[in-house]
Amino acid sequence: MTASTNIVGGPKRDPKGPGPEVMAADTLEDNDVYNPAGEKLGSVEKIMLDVPRGRIAYAVLSHGGVLGMGDRLYAIPWSALTLDTDRKCFVLDVPKEQLKQDKGFDKDNWPSMADERWATDVHSYYNQPPYW
């Protein structure tokens with residue numbers, strides 16, 4: 001199974017240049033993330049790569065806080081996200097309450113994302129099969 005993201009939205013208007021199938025990771029950072037109910041869940045803080053496997057592992061979602069202070073971070077399996085090119089955002093199909101119940105982590109205490117047990121728990125929480 002590959003680590004892929006669904007893409008919705010209109011057709012690419014300019015046949016030159018990147019996107020939306022191949023894009024620079026930093027162009028996706030800071031994109032807002034909504035659930036299907038239209039509730040803002042946060043924004044993409046970082047995109048994490050599984051370097052040995054050559055795949056995107058997670059989007060780190062930032063939620064809460066004010067001006068970057070007090071934000072909680074959440075590792076979201078890449079396969080759980082849908083890129084909406086029309087609205088220039090991601091959609092994560094979870095209720096806002098489910099995100100709040102995820103313990104997440106803070107910017108100074110990141111988990112060991114290479115730990116397979118931790119990764120399995122994260123994928124299970126978001127109802128995603130492991131990408132590895």
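This note sets out numbered points on a predicted model, moving from the sheet to its strands, its core and its charged residues.

1. **The sheet.** The model contains an open sheet of seven strands, arranged in the order β1-β6-β7-β2-β3-β4-β5, with mixed pairing. At the edges stand β1 (6-8) and β5 (72-77); each has a single partner strand, so one side of each has no neighbour in the sheet. From one strand to the next, the twist averages 35°.

2. Strand β3 covers residues 40-50 and strand β4 covers residues 55-63; the two run antiparallel and are joined by seven bridges. Two facing pairs may be located on the model. Lys 46 stands opposite Val 60 in β4, and Ile 47 has Ala 59 in β4 as its bridge partner. The two strands form a hairpin with four residues between them, and in the turn Gly 54 has a positive phi of about 65°.

3. **Strand β4 and its other partner.** Is β4 mostly covered or mostly uncovered? Seven of its nine residues are buried, which leaves the strand mostly covered. Besides its pairing with β3, β4 pairs with β5 in the antiparallel sense, over six bridges. Within that pairing, His 63 has Arg 72 in β5 as its bridge partner.

4. **Strand β7 and its two faces.** In a regular strand, side chains alternate between the two faces of the sheet. Strand β7 (residues 89-92) can be read with this in mind: Cys 89 and Val 91 lie on one side, Phe 90 and Leu 92 lie on the other, and all four residues are buried. Both faces of β7 are therefore covered, given that a residue counts as buried when its relative accessible area is under 20%.

5. **The partners of β7.** Strand β2 (residues 32-34) runs parallel to β7, and two bridges join them. In this pairing Val 33 stands opposite Phe 90. Strand β6 (residues 81-84) instead pairs with β7 in the antiparallel sense, over four bridges, and Leu 81 stands opposite Leu 92. The hairpin of β6 and β7 has four residues between the strands; Lys 88 takes a positive phi near 55° there.

6. In soluble globular proteins, nonpolar side chains tend to be buried together. In this model, the largest nonpolar core has 28 residues, and those touching the most other members are Val 33, Ile 76, Leu 81, Phe 90 and Leu 92. At least two residues of this core come from each of β3, β4, β5, β6, β7 and α2 (116-125). Which element gives the largest share of this core? That element is β4, with five residues.

7. **The salt bridges.** How many salt bridges does a search of the whole structure find? The search finds three. In one of them Asp 32 pairs with Lys 40, with the closest N and O atoms 3.2 Å apart. Asp 32 counts as partly exposed because its relative accessibility is 24%, and Lys 40 is also partly exposed, at 41%.

8. Arg 53 forms a salt bridge with Asp 50, the closest N and O atoms being 2.9 Å apart. Arg 53 is partly exposed at 45% relative accessibility, whereas Asp 50, with a relative accessible area of 9%, is buried. Arg 87 forms a salt bridge with Asp 84, and here the closest N and O atoms are 3.0 Å apart. Arg 87 is partly exposed, with a relative accessible area of 48%, while Asp 84 is buried at 11%.

9. The side chain of Asp 71 does have a polar contact of 2.6 Å with the side chain of Ser 62.

Methods:
Residues numbered from 1 in each chain as written. Predicted model: local features only at pLDDT ≥ 70, side-chain atom pairs only at ≥ 80, totals over all residues. Heavy atoms only, no water. Pairing = 2+ DSSP bridges. Axes fitted to C-alpha atoms, helices over the stretch in contact; angles between N-to-C directions. Polar contact = N/O pair within 3.5 Å; in protein donor to acceptor, adjacent residues only side chain to side chain. Buried < 20%, exposed > 50% of the residue type's maximum accessible area, 1.4 Å probe, protein only. Core = buried A, V, L, I, M, F, W, Y, C linked by side-chain atoms within 4.5 Å. Salt bridge = Lys/Arg side-chain N within 4 Å of Asp/Glu carboxyl O.
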